[in-house]
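Please read them with the structure open beside you.

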Amino acid sequence: MGLRFTFQNKRISGVLTVLPKREVAFEEEMGNYNFSAAKSMKLKLAMGYNKHRIVDEGTNVSDMCVHGIEHLLNEGLLRKEDISALVLVTQSPEHFMPPTSNIIHGKLGLNTNILCMDINQGCAGFVIGLLQSYMLLEQPSIKKVLLMNADVLSRKVSKRDRNSNPLIGDAACITVVERSVDACVINAIANMDGRGAYALQIPAGGFKMPSTPATAEMKEDESGNFRSLDNLVMKGDEVFNFVQTEIPPMIEELLKISGKAANDIDYYLFHQPNKFMLNKLADKMGIPREKMPSNIVENFGNASGASIPTNISFNLGDNALANIYNVCLSGFGLGLTWTAVEQQLGNLSFNKIVYY
C-alpha cells in the first residue's frame with residue numbers, strides 16, 4: 001500500500017513545454033555504436049526510437065525555464081505578481097550551490113516574497129512536484145505555483161551508449177498550479193524503494209566520487225556500449241521488471257481509492273521510458289493503447305520528469321483548452337520511485353509547445 005494523498009480545490013491551469021530546436025535522428029548517430037546497422041535498426045523498431053531533441057552545448061536548465069516563463073509573461077498568460085513559488089524538479093542542477101530555482105528567480109527579476117525550491121527527482125518528478133505544489137497551495141499566502149520540470153541529461157549520456165543515448169532528450173516544462181472553486185477530489189499515491197536506487201545512476205561527479213580524468217575514461221561493457229563513470233548508466237532489465245511489476249497494482253489501488261473503474265479514465269498520461277515498455281504496460285493492465293500514449297520518445301526523447309507534461313502538451317494540445325478529462329498521471333523510475341495521481345485535467349488557459 002502506497003503513501004496516500006488527497007486534495008481539493010486545486011487544479012493545473014496551464015502547461016507549457018519548451019523543447020530544444022536541435023533535432024537529431026536515430027540514423028545520424030548509428031555510426032557511434034559498436035553494432036551493425038541491421039541490429040541498430042531492429043532496436044529502433046522495437047523501442048520506438050526515431051528522433052530526439054538535444055540542447056546545444058552550454059544550454060542549461062535555467063535558460064529553457066526562463067525562456068518558457070518569459071513567453072508566458074509576454075503573451076499575457078501569466079503575471080509576475082501572481083507567482084508565489086518556483087518549484088524546480090531536476091537532475092541537472094547548474095551548480096552544487098546555489099539552487100537553480102534561485103538562479104531562475106534572479107534572471108526573471110521576481111519579487112522577494114517568492115519561495116524557491118529545488119527537488120532532486122527524475123522519472124517520477126512531475127507527480128512529486130505536483131504533490132509539493134498542491135501542498136504549498138494549502139497555505140493562504142500562496143497564489144500560484146510554477147512547477148518546472150527540466151533536464152539536459154543528453155550532456156551526461158555517452159554518445160557511444162546504444163542503450164541510453166537514443167532515448168534521452170532534453171526539455172523544460174512549466175506547469176501553473178493554482179486553487180480552484182471546483183471541489184473535485186484529487187487522489188494520489190507515492191512509493192519509494194531505495195534498495196533499487198542504483199538501477200539508474202551517474203556514478204561520478206558528486207562528493208562521493210568527484211569527476212577526474214580517470215572517471216572520464218571510456219570503457220566497453222559486456223554489451224558493447226562505451227561509457228565512463230561520468231555518464232548515465234541504466235540497468236534496463238531491472239527497470240523494465242520493476243515497471244511491469246509495481247505499476248499495475250499501484251494504479252489499481254489508486255482507482256479503488258478514487259472509486260473509479262479503469263474505463264472511467266479518459267487518458268493514462270504516464271512517464272515514457274520508451275514505446276516498448278509503455279505498450280507492454282498498457283497490455284498488461286488491459287488498457288487500450290490509445291488511452292496510454294507512447295509517442296514522446298520517438299518524437300522528442302525521454303526528458304525524465306518533463307515527459308508527462310510534454311505528453312499533455314503534445315497529445316492533448318488545444319483539446320485540453322475547452323474539454324475536461326479524467327486522467328491518471330504516473331511517473332516511475334529513478335530512486336526507485338513510483339507515483340500516480342488521479343484528477344480532472346482541462347479548461348486550461350494554455351497547453352502548447354515552444355522552442356528554444
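1. In this predicted model, helix H7 covers residues 275-285, and its buried residues are Met277, Leu278, Asn279, Leu281, Ala282 and Met285. An α-helix has 3.6 residues a turn, so residues three or four places apart point the same way.

2. At the start of the helix, Asn274 places a side-chain oxygen within 3.2 Å of the backbone nitrogen of Phe276, while after the helix comes Gly286, which has a positive phi, near 70 degrees.

3. How is S16 joined to S9 and to S15? Strand S9 (residues 186-192) runs antiparallel to S16 and is joined to it by six bridges, with Ile189 having Ala340 as its bridge partner in S16. S15 also runs antiparallel to S16, and ten bridges join these two strands; here Asn326 stands opposite Gln344 of S16. S15 and S16 form a hairpin with three residues between them, and in the turn Gly335 has a positive phi of about 140 degrees.

4. S16 is mostly covered, since nine of its ten residues are buried. In a regular strand the side chains alternate between the two faces of the sheet. Gln343 is found in this strand, which spans residues 337-346, and I would look at this residue with some care. Is Gln343 buried or exposed? Its relative accessibility is 1%, and because buried means under 20%, Gln343 counts as buried.

5. The surroundings of Gln343 can be described in more detail. Leaving aside residues up to four places away in sequence, Gln343 touches Ile12, Leu130, Tyr134, Ile186, Tyr325, Asn326 and Val327. With one of these, Tyr134, there is a polar contact between the two side chains, at 2.7 Å. Tyr325 is 18 residues from Gln343 along the chain, and the C-alpha atoms of these two residues are separated by 8.4 Å.

6. There is also an open sheet of six strands, which has the order S6-S5-S7-S8-S2-S17 and mixed pairing. Its edge strands are strand S6 (115-119) and strand S17 (350-355), each of which pairs on one side only, and the twist from one strand to the next averages 15 degrees.

7. Helix H9 (residues 307-315) lies across strand S2 (10-19), strand S8 (171-179) and S17, and it runs at about 85 degrees to S2. H9 is mostly covered, with seven of its nine residues buried; these are Ser307, Ile308, Pro309, Thr310, Asn311, Ile312 and Ser313. Just after the helix, Gly317 takes a positive phi of about 50 degrees.

8. A search of the whole structure finds one cavity of 30 Å³ or more, and the largest cavity holds about 30 Å³ of space. Which residues line the largest cavity? They are Leu19, Asp170, Ala171, Ile296, Phe300, Gly301, Ala303, Ala306, Ser307 and Thr310. Among them, Ser307 and Thr310 are also buried residues of H9.

Note on methods. Residues are numbered from 1 along each chain as its sequence is written. This is a predicted model: local features need pLDDT of at least 70, side-chain atom pairs count only at pLDDT 80 or more; totals for chains, interfaces and linings use all residues. Side-chain values use heavy atoms; hydrogens and water are left out. Helices (H or I, at least four residues) and strands (E, at least two) are DSSP runs, numbered from the N terminus. Buried means under 20% relative accessible area, exposed over 50%, partly exposed in between (1.4 Å probe, protein chains only). Contact means heavy atoms within 4.5 Å. A polar contact is a pair of N or O atoms within 3.5 Å; within protein, one must be able to donate a hydrogen and the other to accept it, and residues adjacent in sequence count only if both atoms are side-chain atoms. Two strands pair if DSSP finds at least two bridges between them. Axes are lines fitted to C-alpha atoms, for helices over the stretch in contact, and angles run from 0 to 180 degrees between N-to-C directions. On a 1 Å grid over the protein atoms alone, a cavity is a set of points where a 1.4 Å probe fits but cannot get out, and a pocket is an open set with protein on both sides within 12 Å along at least five of seven lines; lining residues have an atom within 4 Å of a point. Grid points are joined across faces, edges and corners, and a volume is the space filled by probe spheres set on the points.
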